[in-house]
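Me: I have a model open and want to learn how to read it. Can we go feature by feature?

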Amino acid sequence: MSLSALAASCPTWAEFRFIDAREAAVDLVAVRTSKTFTRLFELRLLHLGDSVTVSEREIGGTLPACCPERHINPDGSFCTGLRAGEGITAETAPAWWDKLHAFALCQETAAETGFWPSEAQLSHGYAGEVELAAENAADQLGLRAIYREAVAFDTGLIASGLNKIDAKTGKLRNGRSACVCGRTDRRGRILLRRDCHRVGLGCPIALEHQRRVMVARYWRGLRGQVICCGTMRECPLRETSDGAGSATAAQGKTT
Ligand SMILES: [Zn+2]
Ligand SMILES: [Zn+2]
Ligand SMILES: [Zn+2]
C-alpha cells in the first residue's frame, strides 16, 4: 500500500517502476537551486513491515556506501528524516517525495563542499526526536533562534546554561534557584530549576543536554563499526587519526 501511494504521487523529477509488490526502482534527477541538474540517482525502494526504505540500487555506486554525516546508514539505506519511511499513506506520500528531493540536493552540496547543509541538519538517530522536543520547548519561550544557535554554534543563553547541568542527573544544579531559561508559570513567576524540566514541554536547557548525550552515544556506537568514507570535511569517525590521537598524546605528557 505504501509503495502504491508513492507510485501514485511520483513527481516529474522521478520515475517509478514496480519490481514486485514489495520492491520498486526509482530513477531520480532533480533540479538544483542553481537551475542545474543533480546526478542521476538509481534507487531501490523496499517495503518491509510498515516501513519503506530507500537506498541506491548499487550501494556505494554514486554516493558513499555509508556515511552518518551524509545520512546514509550502515546498510546503505538513506535517512531522509525522522521516521520518514513509516506508515506512508496517500496523504503522507507527497511529503516523502519532498524529503527525498531535499536529500538528493543535500547530497550534491555535500559532494561538492564536504559539508551537509546546516539548515537541513537534524541530530542523528533518536536524538532527532529530542532535538524537536527541545526546539518546541524553546519556541514556547520565544527562544527558538537561541536554541538553533546552541545547536549550530554552541553559543548563547541555552548553550551557556549547559554548564550548570549536573552530568550525573542531567538536570540543572541548585534546584531551588530560578531556571536559566527564564520560563515562568501562569502568574509570571520564574520556574525553579528543579521544576522547569518536568512541567509542560520541559526545559530547553535540560533537553539540549539530553540531545548532546544521545549524539555522543550515537557516535560511540558507530566507532569501530563503520569506516569514515572520507568525503566530508568534519567527521567524528575520522578523529582517531589526528584529533583524538593528538589529544591523548598531549594528555600522556602531563601525567
Ligand atoms: Zn562519510
Ligand atoms: Zn528551564
Ligand atoms: Zn567520515
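**Reading the model**

Me: Where do we start with Cys228: how accessible is it?

Reply: Remember that this is a predicted model. Buried means under 20% relative accessible area, and exposed means over 50%. Cys228 has 22%, so it counts as partly exposed.

Me: And Cys235, buried or exposed?

Reply: Cys235 is buried, because its relative accessibility is 11%.

Me: Which residues coordinate the zinc ion (ligand 3)?

Reply: Look for donor atoms within 2.8 Å of the metal. Here they are the SG atoms of Cys228 and Cys235, at 2.2 to 2.3 Å. Water is not among the atoms, so a site may look incomplete. Note also the zinc ion (ligand 1), 3.2 Å from the zinc ion (ligand 3).

Me: How do I read strand pairing around S3? Which strands does S3 pair with?

Reply: Look for bridges between two strands. S2 and S3 are antiparallel, with six bridges. Val26 sits opposite Leu43 of S3. S3 is also joined to S4 (residues 51-56) by six bridges, again antiparallel. There, Leu48 faces Ser51 of S4. Two residues separate S3 and S4 in a hairpin, and Gly49 in the turn has a positive phi of about 60°.

Me: Which residues of S3 form its covered face?

Reply: Phe41, Leu43, Leu45 and His47 do. The uncovered face holds Glu42, Arg44, Leu46 and Leu48.

Me: What about a loop residue: where does Arg32 lie?

Reply: Arg32 is in the loop between S2 (23-28) and S3 (41-48). Arg32 counts as buried because its relative accessible area is 16%. Beyond its neighbours within four places in sequence, its contacts include Phe37, Leu105, Glu108 and Glu112.

Notes
Residues are numbered from 1 along each chain as its sequence is written. Chains are lettered from A and ligands numbered from 1 in the order in which they are written. This is a predicted model: local features need pLDDT of at least 70, side-chain atom pairs count only at pLDDT 80 or more; totals for chains, interfaces and linings use all residues. Side-chain values use heavy atoms; hydrogens and water are left out. Buried means under 20% relative accessible area, exposed over 50%, partly exposed in between (1.4 Å probe, protein chains only). Helices (H or I, at least four residues) and strands (E, at least two) are DSSP runs, numbered from the N terminus. Contact means heavy atoms within 4.5 Å.
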